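Please open the structure in a viewer and keep the selection panel at hand.

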Amino acid sequence: MKIEGKRAIWSEYQKEIADDRYFYVRSCIRQNFFPGSEVAFLRIMREELGKDVYEHPCHTTCSGIGYHGDVVPVETAMTVVARQFALMTEAGYKNYVPSCITSFGLYTEILETWHHFPEVEGKVRKQLKKATGREFEIPENLAHASDVIYKFRKEIGAKAKYKLVNKNTGEPLKVVDHIGCHYSKMFPLKGVGGAEYPYVLAGMIEEWGGQVIDYPERRHCCGFGFRQYLVQANRGFSIACSKQKFESMQPYKPDMIITNCPGCPMFLDRWQYVINEMEGKTYGCNGEGIPVFTYEEVAGLVLGYDPWDLGLQMHQIDCEPLLEKIGYEYDPEKKYEINGTVTKINSHSLLNI
Amino acid sequence: MNKHIVVIGAGVAGMEAAGQLSNAGFNVSLVEKDENTGGHLNGWYKLFPDRRRSSEVKDYLDKLINKDGIKVISGTTIEKLVNINGIFSLETREGTEMTADAVVVATGFDLFKSSRKEEYGYGIYDNVITSSDLEEMFRKDKIVLVDGRVPENVGIVHCVGSRDEKVGNLYCSKLCCITAVKQAIEIRELLPETRVFCFYMDMRMGGAHYEEIYREAQEEWGINFIRGKVSEVSESIRKKLIIKAEDTLAGRPLKMELDMLVLMAGMEMSEGGRILAKSAGLETGENRFFASADNHFGSNISNIPGVFYAGTCTAPMNITETISHARATVSDVLNYFKNRS
Amino acid sequence: MSNFGFTISKARIIDYDANDRSIAEYIAEHEPSFRVCIECGCCSATCTTGNFTRFSLRELQIFLKRGENELVRDNIGKCMLCGKCILVCPRGVNTRNVVTLAREAFNKKVKNAV
Amino acid sequence: MQFDPFVIPFNIGLYFILIYAVVRSVRWFSNLSRPDKLRLQRGFFGRAFGQSLKEIFMESLIHRKILKSNFRLGFMHMSLAFGWFLLILFGTIEADIFGEKHLNAPYKAIFFKFFNPDHGRAGFEAAYSFWMDLLLAFILSGLLIAVIKRFSSKVVGMKKTTRLRVLDKVALTSLWLIFPSRLLAESFTSGAYGTGSFLTGFLGSLLASFLPAQQMAYPFWWLYSLSLGTFFILLPLTRYMHIPTELFLIFARNSGITTGDQPGAFTEIQTYSCSSCGMCIDACQLNFSAGITNIQSAYLLKGIRNNENVSDIAFNCLMCGRCDQVCPVGIELTPIRMIRRRAGETEPVQTSIWKKYLPDRLDIMPVKTNGKTSYSFLPVEEPAKTDVLYFAGCMTHLTPAIGNSMVRIFDASGVNYSFMDAGGGVCCGRPLMLSGQDREARELINFNSQLIWKSGAHTLVTSCPICYKVFKESYYLDVEVLHHTQFINMLIEEGSLKLNFLRKKVVYHTPCDLGRGSGVYDEPKEVLKHVVRLQNTNFENEKSLCCGGSLGNIKISYQEKNKIARDTAAELTRENPDILATSCPLCKKILAGATETKVADIAEIVAEAITVPMLKKNTPKPASCLRKNVIVY
């Protein structure tokens with residue numbers, strides 16, 4: 001593997017990312033899966049970096065999950081998206097930052113479509129006007145929230161309390177980055193580093209002291225794939241996808257997985273448990289799973305936030321062994337403390353699907 | 001006659017055209033961007049279909065242009081070409097000028113830059129090489145991996161940069177299939193224990209003796225042909241290349257570990273040709289090669305009277321076709337002057 | 001184990017390196033014309049058995065070469081050895097011997113296993 | 001002088017071989033199936049006995065068949081076998097008449113000269129001596145040819161001669177030494193005593209003129225006895241075992257025992273009856289056209305005798321039957337090969353020399369390596385009722401002109417027929433049988449039989465000789481099975497089919513499975529004679545060549561096949577006929593690819609010769625098959 005070769009490609013895929021005044025839109029499912037992540041993003045942006053991040057209370061789903069699940073037609077999706085843009089325009093913002101990768105993919109796709117087919121855009125404008133009376137401007141800058149964190153990775157690194165380094169050995173942690181499919185596979189030029197060798201998460205890992213692991217199945221889908229998971233009969237396929245990835249990364253003995261998509265951390269995390277239940281296999285060291293984090297959680301950890309504030313207790317794979325490796329200072333007793341009361345969560349209750 | 005003709009490009013087509021024009025009595029200047037003449041011929045060790053050394057063809061061409069009527073100007077790139085009342089003024093990159101009564105464009109082709117097919121990891125994975133890199137190994141009589149080991153399994157990917165909408169090349173480069181078969185045999189000759197797999201979309205064995213070599217490759221050399229283009233390459237922890245393709249004839253995806261992957265880089269309009277096309281207003285086709293005045297009976301004729309094409313600057317060709325094409329230029333040039341006088 | 005209502009799907013991918021290609025090697029050794037098949041499909045098009053089932057000698061040959069032996073083992077017995085395929089093969093592959101050798105090889109495998 | 005130690009080797013050998021022959025015969029007999037035992041008993045004491053004796057005389061001694069086909073080779077075999085027989089016969093008579101007493105021990109006859117050196121000076125004695133010398137000279141002349149043949153087989157008009165094993169060579173040497181040593185022994189003795197006739201006497205006096213004849217004679221008597229003894233002792237281990245075995249075979253065969261399709265004592269007897277004469281090698285097209293020289297029947301039988309794995313040999317054969325036709329011993333070579341095919345691959349067995357004297361029965365391992373087959377996928381069909389059922393066969397579907405011609409002929413003759421496999425049928429089963437898979441073939445046979453029964457047809461016409469043979473031999477049908485040439489011939493004879501005469505020169509290639517395989521030689525030629533001028537070739541009827549495409553050979557490569565096809569086509573088109581006619585779709589396809597001459601099936605030629613396009617209602621006289629009583633099951 002020649003890193004210069006990759007750097008040459010990365011240099012070709014650099015995108016413009018606005019540096020302040022963001023209109024931030026949350027993801028439908030992340031708020032349920034790992035709600036701490038979006039909170040952490042806002043905290044980092046506002047408190048650590050002092051940026052202006054606006055959230056609109058009237059923001060809805062982008063309908064991307066329905067679009068990719070084959071139940072929402074594209075024109076409907078476009079009109080829903082147009083409404084989000086109208087909210088941004090009304091709030092006086094121009095830099096649109098979605099939290100969700102599928103949203104990001106859908107926005108990119110719609111903007112590209114409008115670019116090539118202005119008549120479609122015109123039609124959508126008319127429909128939006130007719131339905132809601134709203135009008136919108138096309139965002140000046142569209143960046144995924146992970147792009148924004150990538151942009152400020154050095155600033156975050158400068159403030160870091162912890163590095164992605166094994167405290168005992170001094171070795172960098174081996175980190176697998178998993179990029180959501182809709183990030184750049186459809187429009188490689190819209191992703192940092194392109195589609196084949198995305199750099200957006202790799203850049204953070206490098207900056208924060210970790211070592212990026214490139215493993216054969218890095219391109220493969222996490223297994224969520226909307227229809228694959230949503231229909232129970234297809235779940236065997238969903239879990240097989242995740243398994244393929246785990247088996248491919250296992251020989252590299254990764255310390256953690258970092259992701260930038262709502263579904264990926266959920267499925268890479270939960271399917272490890274299910275595979276263990278079904279086949280008794282684990283993929284991490286010492287019979288444990290490989291902990292899976294979102295990039296906001298990792299950024300929060302680097303900045304020294306309380307892991308339980310970041311919502312790490314919501315993960316199926318325990319984060320404690322990793323925290324020990326980093327030498328993190330935290331109170332393990334407070335893992336299940338909600339409003340001062342400790343609630344033990346039965347892991348099975350999470351999976352009674 | 002004493003007409004002066006500038007031939008741009010001293011590859012196979014340029015040298016052949018220059019030689020034949022000189023034989024026909026013209027004063028010829030042969031301009032070459034590199035220091036040496038021969039063009040891509042210098043990059044190949046043995047040629048298909050008869051495995052003759054490329055140096056033999058080179059010797060023939062050298063002999064052809066080594067005469068009084070031909071002035072070889074190497075290390076020079078023509079950047080501008082202007083037609084002033086039937087006299088052509090050519091300007092080099094360095095700024096010097098020359099004039100000509102007619103111009104033969106023989107700017108040839110560039111090999112497709114394989115790094116553009118990012119999924120193959122050329123320039124990223126150690127043992128992903130191109131057909132031309134492999135030819136260099138043949139010249140040294142040694143096929144080795146970066147770490148010095150001998151490869152046990154070698155894959156060959158056809159159509160890299162050809163017939164590929166994603167890189168904007170819709171055409172077939174015509175020579176890669178037969179090159180792949182030739183190189184596969186050469187690998188087996190040098191390394192009898194090595195297994196070779198050709199991943200092809202179609203076997204385009206259109207030339208004389210091509211199909212026979214294909215059969216020989218199967219029958220005598222045991223080369224495995226798998227219909228399905230490699231779609232992604234990654235590296236295993238043991239530094240082996242893992243390729244994924246669909247075996248379309250089995251109707252199933254397939255993965256395999258290889259030690260070496262050879263990319264059959266296709267042909268593209270040369271950079272020199274593109275510059276010239278822009279500055280002189282020469283028309284190019286959808287495939288970005290020069291567009292001939294007529295596909296059937298004017299393939300050497302350009303849209304500018306007095307400017308002629310020879311060889312692969314118009315389309316992918318093998319050496320035999322290139323030489324024929326270059327020779328045909330002479331008759332078009334003769335007709336041109338006959339009609340003017 | 002908890003009942004999840006689904007199981008982990010098996011990959012359809014041909015894992016070339018993990019597969020056992022000894023049967024194909026056995027055939028190629030005894031019938032070299034096995035190598036020159038160009039997968040034109042003439043044999044399967046004219047096939048008497050193919051008239052009644054989706055038995056395809058072309059496909060079975062490719063599966064053998066890739067080491068996907070199970071499918072071949074389950075189907076190779078359907079051939080009636082009538083020989084039409086030999087007459088139409090443009091590459092002169094001795095298809096009947098390929099079938100015979102494949103059956104032989106599978107049987108030897110079974111015997112050796114016992 | 002009544003005894004000398006030198007006779008001991010001979011005596012041992014002789015008594016050994018006599019006892020051995022009895023033991024083997026008893027074993028063979030006891031291994032025969034019960035019906036075969038009865039046949040043999042009846043045959044031995046019945047009319048077959050005389051026939052057997054005659055055959056033994058004509059074939060085992062005179063070698064009539066070889067003489068007919070190859071005089072020099074026949075003479076060689078005859079001189080050795082018949083000459084030796086006569087020598088023994090008259091030697092015994094000589095000893096009986098001229099010896100000291102009657103009924104002597106055999107050695108007295110064999111070594112008569114040694115014990116009676118003075119014998120034969122004059123009168124009847126001299127005349128008898130002359131006769132005995134003549135016999136010896138007769139044998140020696142054959143031996144001379146045998147020696148020359150061994151070093152140059154072309155001299156006797158053979159292209160190939162069988163390759164020998166070490167033991168065979170030792171036995172051969174001892175056989176060769178028998179007669180020269182007798183000659184020299186007798187000559188020296190004659191030289192010493194001044195007796196002997198034109199051969200021994202002349203040679204004896206010549207040798208005695210410069211050698212001490214008295215002293216020289218004795219070692220040669222030893223050599224003579226040793227050669228005989230060695231030959232007899234080694235005989236069971238070598239191909240010369242064929243000499244006693246053949247006698248048994250002739251009795252068994254004349255008693256009506258046949259090979260059948262299972263291994264058994266008769267197969268074993270035939271296996272040991274092969275003298276490796278090599279006639280089958282010369283007849284084999286794989287040998288003289290394709291250059292495959294190690295698979296002929298002689299090698300198959302030798303491999304079986306030596307317990308080798310003969311599977312490759314067994315399957316690399318066109319099954320054309322040409323070798324059966326030429327085998328002088330009349331061994332049923334193709335059926336034996338079929339039995340080996342059914343056996344599949346066998347493990348080679350290494351046995352000691354002692355074990356070889358009394359080998360186990362040549363039993364074939366029951367485990368097959370052919371693999372499992374299943375034709376359970378075949379659909380259930382309900383055919384339409386008809387009188388005549390036409391089964392084109394797989395191969396005819398690749399030569400559609402034949403099928404189309406048959407349809408025209410059926411229509412023109414007004415036959416109520418049904419095209420059984422118009423949409424592509426199920427294989428007849430013979431290819432599977434040829435590859436030794438009878439049980440599997442039975443599945444296909446049952447399927448087709450059902451269809452035939454259900455159709456209610458009383459006549460089954462097929463265009464393919466391969467199908468014809470299996471319909472005839474292995475289907476249990478109550479219908480008349482006809483090859484289309486037979487059917488057309490019947491139509492012509494009945495007057496149902498009116499044909500023009502085409503002005504064409506035609507040669508006819510008899511397909512193996514129709515000719516040698518099924519004995520149909522004449523009808524195709526009769527049909528042709530109605531419509532064209534039929535020319536003769538050098539390969540008519542039983543001598544016909546194989547086209548090379550035979551489904552019988554599963555191992556042959558395309559290139560080898562092609563060589564045979566080209567040679568066959570070249571031979572048949574030597575006289576530049578307009579059409580090379582055949583009556584097999586496979587032959588047609590194969591030969592058409594191997595010659596410039598037009599190749600056509602008889603059906604095509606007949607269809608072309610149909611007088612006017614007749615409508616069914618205009619048919620002058622309906623074919624007889626319409627008038628037959630239809631039996632419907």
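**First stop: chains A and C**

Select chains A and C of this predicted model. Here 12 residues of chain A are in contact with 9 residues of chain C. On the side of chain A that touches chain C, the elements giving two or more residues are helix H13 (235-249) and helix H14 (263-279) of chain A. H13(A) provides the largest share of that side, 7 residues. By class, the residues on the side of chain A that touches chain C are 6 nonpolar, 3 polar and 3 charged.

**Second stop: a sheet in chain B**

Turn next to chain B and display its strands. An open sheet of 5 strands is found in chain B, in the order E5-E2-E1-E9-E20, with parallel pairing. At the edges are strand E5 (70-73) and strand E20 (307-309) of chain B, each of which pairs on one side only. From one strand to the next, the twist averages 20 degrees.

Within this sheet, select strand E1 (residues 4-8) and strand E2 (residues 27-31) of chain B; the two run parallel and are joined by 5 bridges. Ile8(B) is placed opposite Val31(B) in E2(B).

Colour chain B by its domain assignment, which gives domain 1 (4-108 + 270-340) and domain 2 (114-266). How far apart do the C-alpha centres of domain 1 and domain 2 of chain B lie? They are 32 Å apart. Between the domains of chain B, 9 residues of domain 1 are in contact with 16 residues of domain 2. The side of domain 1 of chain B that touches domain 2 of chain B comprises 5 nonpolar, 3 polar and 1 charged residues.

**Last stop: a helix pair in chain D**

Finally, select helix H9 (residues 166-193) and helix H10 (residues 200-208) of chain D, which pack at an angle of about 70 degrees with their axes 7 Å apart. H9(D) and H10(D) are therefore roughly perpendicular to each other. The crossing in which H9(D) passes H10(D) is right-handed.

To view the contact, show the side chains: residues of H9(D), including Leu183(D), Phe188(D) and Ala192(D), meet residues of H10(D), among them Thr200(D), Leu203(D) and Leu207(D). The contact of H9(D) with H10(D) is made up of 6 nonpolar, 7 polar and 1 charged residues.

Definitions and conventions:
Residues are numbered from 1 along each chain as its sequence is written. Chains are lettered from A and ligands numbered from 1 in the order in which they are written. This is a predicted model: local features need pLDDT of at least 70, side-chain atom pairs count only at pLDDT 80 or more; totals for chains, interfaces and linings use all residues. Two residues are in contact if their C-beta atoms, placed from the backbone, lie within 7 Å. Helices (H or I, at least four residues) and strands (E, at least two) are DSSP runs, numbered from the N terminus. Ala, Val, Leu, Ile, Met, Phe, Trp, Tyr, Cys and Pro count as nonpolar, Asp, Glu, Lys and Arg as charged, and the others, Gly among them, as polar. Two strands pair if DSSP finds at least two bridges between them. Axes are lines fitted to C-alpha atoms, for helices over the stretch in contact, and angles run from 0 to 180 degrees between N-to-C directions. Domain bounds come from an automatic or database domain assignment. Angles under 35 degrees count as roughly parallel, over 145 as roughly antiparallel, 65 to 115 as roughly perpendicular and the rest as oblique. A crossing is left-handed if the near helix is turned anticlockwise from the far one by less than a right angle, and right-handed if clockwise.
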